[in-house]
Amino acid sequence: MAENFDPVLGGQQLAGSDPVMGGLVAVEQALDSPDPKVRIQAIKGALKYGSRGAELVIQAMRNDPNWEVQFAAWETLLEAEDPQHVQVAKAHRLPLRQLGDVRARYEAGERDFRWAKLSRADLSQAKLSGANLSGASLSRANLSGASLSRADLSQAKLSGADLSRADLSQAKLSRANLNQAKLSGANLSGANLSGADLSGANLSGADLSQANLILAKLSRANLNQAKLSRANLSQAKLSRADLSRADLSWADLSGADLRGVNLQGSKLFWARLRGSLLSAETQMDPKWRLVWEIVNGQANVKNLSRANLSEANLSEADLSGADLSGANLSRANLSEANLSRANLSRADLSEAELWQANLSEARLWQANLSEARLWRANLSGAELRGAKLDGTDLRGANLRDAKLSFGWGWFKDLTGTILPDGQVHS
């Protein structure tokens, strides 16, 4: 006689019995077990038994005395294929856990503190690196100087919490509520703060380099002298934030709301400003406002002679026919920019990034292109006589019909370059 195996408990059923009903009975029996692990295992397979199975999971989520069992039921419904089950989970307020002495539990090796009730707790200088505090309530908690590197604080409630000088490097803080939190001097380098609410937070002097702040709410936040180099602030809400003297070099501010923001004295070298929003109240050094106007198509490109655009990010900008004579574009990013027919005579383009830029028929008479990278740039018909080309990278560039001073190519790496006569240099 063949044996029937129950998928939930691994036990046997009587031959000839309904396997679905037998499994459902087994789930019901397992949910009466005093062992939380058995109840959790039953929950994970209960939804396959239709409406009654779903009912059992919902009952466990609402009434089981063990928090881990409640969480397993909530998570099972949240990940269900049936949208009604998902809605039930979203509508349920999962109770917070009373954990007692978190420091002692961490020292004992425990790391799972999800949905912990720790509001107003004194955790100053606590060592909680790598701890899972997702969904935890830490509002107005004292976490000053705490070690929370690589900790998971996603969706945690940290409004009004003191995290000054805390180490939150590479921490997960996506969709966390940090409204009015104190984060001055905190280390948030590499942290994930996407969708986090940091409105009104004090982040003065904080290290947010390489942090993910996509869609973060930072309105009225204090980011004075904060380090935001290479941070991703695309589509972030920064209205009326204080970013004075902040380091935003290489930061992505595309689509960010910068209306009324104080950016005086901030470093915006190579920062991406395309699609960001400014207002008349936005305080910004004239150089960077001009960069913003150029990349957002609002500048008068016919009047950029002698403009200071050094270290500006002008990638993909439309500067066709622009007057940039005598302009300072040293170390600027002009990759894939359209500079066709632009007047760049006597312009300083030293160490500029011009790879795949369109410089066809551009005037580069006596321009400084030393150490510039013109890899695969289009220089067809360009006027380059008298230009400084020492150390210039022209590999793969198109120089067909370009006008160059005698002897220009004697010491250059011209691999794959289309020469003025149309031949390809090998």
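# Helix packing and aromatic rings

Reader: Is F406 buried or exposed?
Author: The relative accessibility of F406 is 78%. Buried means under 20% relative accessible area, exposed over 50%, and partly exposed in between (1.4 Å probe, protein chains only). At 78%, F406 therefore counts as exposed.

Reader: Which atoms do the side-chain values use?
Author: This is a predicted model: local features need pLDDT of at least 70, side-chain atom pairs count only at pLDDT 80 or more, and totals for chains, interfaces and linings use all residues.

Reader: F406 is found in the segment after which element?
Author: Helices (H or I, at least four residues) and strands (E, at least two) are DSSP runs, numbered from the N terminus. Residues 403-404 form the element in question. F406 sits in the segment after β4.

Reader: How are α3 and α4 oriented to each other?
Author: Helix α3 (residues 50-63) packs on helix α4 (residues 67-78) at about 135 degrees, with axes 7 Å apart. Axes are lines fitted to C-alpha atoms, for helices over the stretch in contact, and angles run from 0 to 180 degrees between N-to-C directions. Under 35 degrees is roughly parallel, over 145 roughly antiparallel, 65 to 115 roughly perpendicular, and the rest oblique. The two helices are therefore oblique.

Reader: Which residues of α4 meet α3?
Author: Contact means heavy atoms within 4.5 Å. On the α3 side stand V57, I58, A60 and M61. Their partners in α4 are Q70, A73, W74, T76 and L77.

Reader: How many nonpolar residues are in that contact?
Author: Two residues in the contact of α3 with α4 are polar, and no residue is charged. The nonpolar count is seven.

Reader: What kind of aromatic pair do W67 and F71 form?
Author: Rings of Phe, Tyr and Trp (its six-membered ring) pair if their centres lie within 6.5 Å; planes under 30 degrees apart are stacked, over 60 edge-to-face, and the rest tilted. W67 and F71 lie four residues apart in helix α4, about one turn. Both are buried. With 5.1 Å between centres and 20 degrees between planes, the pair is stacked.

Reader: What about F71 and W74: at what angle are their planes?
Author: F71 and W74 are three residues apart in α4, and both are buried. Their ring centres are 5.5 Å apart. The pair is tilted, because the planes stand at 40 degrees.

Reader: Which residues form one aromatic cluster?
Author: The whole structure holds four aromatic pairs. One cluster is made up of W67, F71, W74 and W115.

Methods
Residues are numbered from 1 along each chain as its sequence is written. Side-chain values use heavy atoms; hydrogens and water are left out. Ala, Val, Leu, Ile, Met, Phe, Trp, Tyr, Cys and Pro count as nonpolar, Asp, Glu, Lys and Arg as charged, and the others, Gly among them, as polar.
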